[in-house]
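Me: I have a chain on my screen and I want to learn how to read it. Please take me through it one feature at a time.

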Amino acid sequence: MEQLLQRIQELKQEISGFEATDAAAAENFRIKYLGTKGVVKAMMGEMKNVPAEQRKEFGLVLNDFKQFAEARYESFAQRNGTQKAASAGIDLSLPGDAIPVGSRHPLSLVRNQVVSIFKRLGFAVAEGPEIEDDWHNFGAMNLPEDHPARDMQDTFYINQNPSWLLRTHTSSVQARVMEKQKPPIRVICPGRVYRNETVSARAHCFFHQVEGLYVDENVSFADLKQTLYFFVQEMFGKEVKVRFRPSYFPFTEPSAEMDISCLICGGDGCTVCKHTGWVEILGSGMVHPKVLDNFGIDSNKYTGFAFGMGVERITQLKYQVNDLRLYSQNDIRFLKQFTGAV
Ligand code: PHE
């Protein structure tokens, strides 16, 4: 034991006197003292020759020695690294290159904004699959097999199994919510939907929706109007006017489409509003009793309203984007023009 301590003392002195003037010398030092076949490892191997009652003390000395050698190596390595950089003309004190930060997609910005407005009214977000079955997309929504309204939404069917399809609206998510949850229900369903359309500036084979559903006792058309009115004011500003027009959807009765006064011309008439002063932004209505009954929700006790809007449409109005294809072309010149808080 005495001999070993003596040896460690000598090695420490040896190390103190060691100088590494270049990276190769620093590496030699590492191999000699800290490598797998190095001096520190060898000393550790001596542990077994130390009498049991002295092992603890020896261990402490050895550990101290190891840290000493490591610290010495660190200082060589650091110095030589810096020297190397300096001789290569690199100034390590310069700030690094900034990594460019991307920006949110305009559709994400708008979707998040829509979601946050409805969240403040107590709506929770619900999501569901993009590949759906016929029941959740159509059947449960009161569009039986031969219903002509199925043609309103040209559908992509899955070849392997034609009872599967790409959802044409996120009403399918509302169906899944009603399946699991009983009233009160207050959800919004943001998501991508698909329709078999020829791609052009005005139509696309996929787009995004936010649909909403509110089912409880005593929910009325007045609640629907006030909720959507609040949404429009939060989204587009207090001065924007709204109007409801009677419409038809198989899953709501009565149904209405909602227009807002044109944001581009302020209602005076322009090409965006086709000189009417109004633009349509969503479909809505009171949930059809048959739809509630499909999920075992007693339509004598409960009523509800639903609505659905296209995120592209709202984004188009907010940012005056006139070609739908821009949203999915991933052109960075387009994408980097949008900034927003959410
Ligand atoms: N599902 C309809 C569509 O995709 C929108 C809608 C939802 C209309 C809820 C009324 C009520 O066009």
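Me: Which residues does histidine 288 touch, not counting residues up to four places away in sequence?

Reply: Contact means heavy atoms within 4.5 Å. By that rule, histidine 288 touches Asn142, Pro250, Phe251, Thr252 and Glu253. A word on the source: this is a predicted model, where local features need pLDDT of at least 70 and side-chain atom pairs count only at pLDDT 80 or more, while totals for chains, interfaces and linings use all residues. Residues are numbered from 1 along each chain as its sequence is written, and side-chain values use heavy atoms, with hydrogens and water left out.

Me: Where is histidine 288 found?

Reply: Start with the labels. Helices (H or I, at least four residues) and strands (E, at least two) are DSSP runs, numbered from the N terminus. Histidine 288 sits in the loop between strand E8 (278-287) and helix H9 (289-294).

Me: How do I read strand E8 itself?

Reply: Look at cover, then at partners. Eight of the ten residues of E8 are buried, so the strand is mostly covered. For partners, two strands pair if DSSP finds at least two bridges between them. E7 and E8 run antiparallel and are joined by eight bridges.

Me: Which strands pair with E5?

Reply: Strand E4 (residues 185-194) pairs with E5 in the antiparallel sense, over ten bridges. Tyrosine 194 has phenylalanine 206 in E5 as its bridge partner. Strand E9 (residues 303-310) pairs with E5 too, again in the antiparallel sense, over eight bridges. In that pairing, glutamate 211 stands opposite glycine 308 in E9. E5 itself (residues 206-216) is mostly covered, with nine of its eleven residues buried.

Me: What about the loop between E4 and E5?

Reply: Take alanine 203, which is placed in that loop. Its relative accessible area is 17%, so alanine 203 is buried. Leave aside its neighbours within four places in sequence, and alanine 203 is in contact with Glu197, Thr198 and Leu324. Now try a distance. Tryptophan 164 is 39 residues from alanine 203 along the chain, and their C-alpha atoms are separated by 23 Å.

Me: How do I describe two helices that cross?

Reply: Helix H5 (residues 106-120) and helix H8 (residues 221-236) have axes that come within 10 Å and cross at roughly 130°. Angles under 35 degrees count as roughly parallel, over 145 as roughly antiparallel, 65 to 115 as roughly perpendicular and the rest as oblique. H5 and H8 are therefore oblique to each other.

Me: Which residues of H5 and H8 make the contact?

Reply: H5 gives Val110, Gln113, Val114, Ile117, Phe118 and Arg120, and H8 gives Thr227, Leu228, Phe230, Phe231, Glu234 and Met235. Sort them by class: Ala, Val, Leu, Ile, Met, Phe, Trp, Tyr, Cys and Pro count as nonpolar, Asp, Glu, Lys and Arg as charged, and the others, Gly among them, as polar. The contact has eight nonpolar, two polar and two charged residues.

Me: Why look at the backbone angles?

Reply: Most residues other than glycine have a negative phi, and most peptide bonds are trans, so exceptions deserve a look. The peptide bond from proline 183 to proline 184 is cis, with omega near 5°. Proline 184 is in the loop between helix H7 (171-180) and E4. Glutamate 253 and proline 254 are also joined by a cis bond, with omega about -5°. Proline 254 lies in strand E7 (residues 252-261).

Me: Which residues have a positive phi?

Reply: Among them are glutamine 320, with phi near 55°, and asparagine 330, with phi of about 55°. Glutamine 320 lies in the loop between helix H10 (311-319) and helix H11 (332-335). Asparagine 330 is placed in the loop between H10 and H11. Glutamine 320 has 53% relative accessibility, so it counts as exposed. Asparagine 330, at 58%, is exposed.

How values were computed:
Buried < 20%, exposed > 50% of the residue type's maximum accessible area, 1.4 Å probe, protein only. Axes fitted to C-alpha atoms, helices over the stretch in contact; angles between N-to-C directions.
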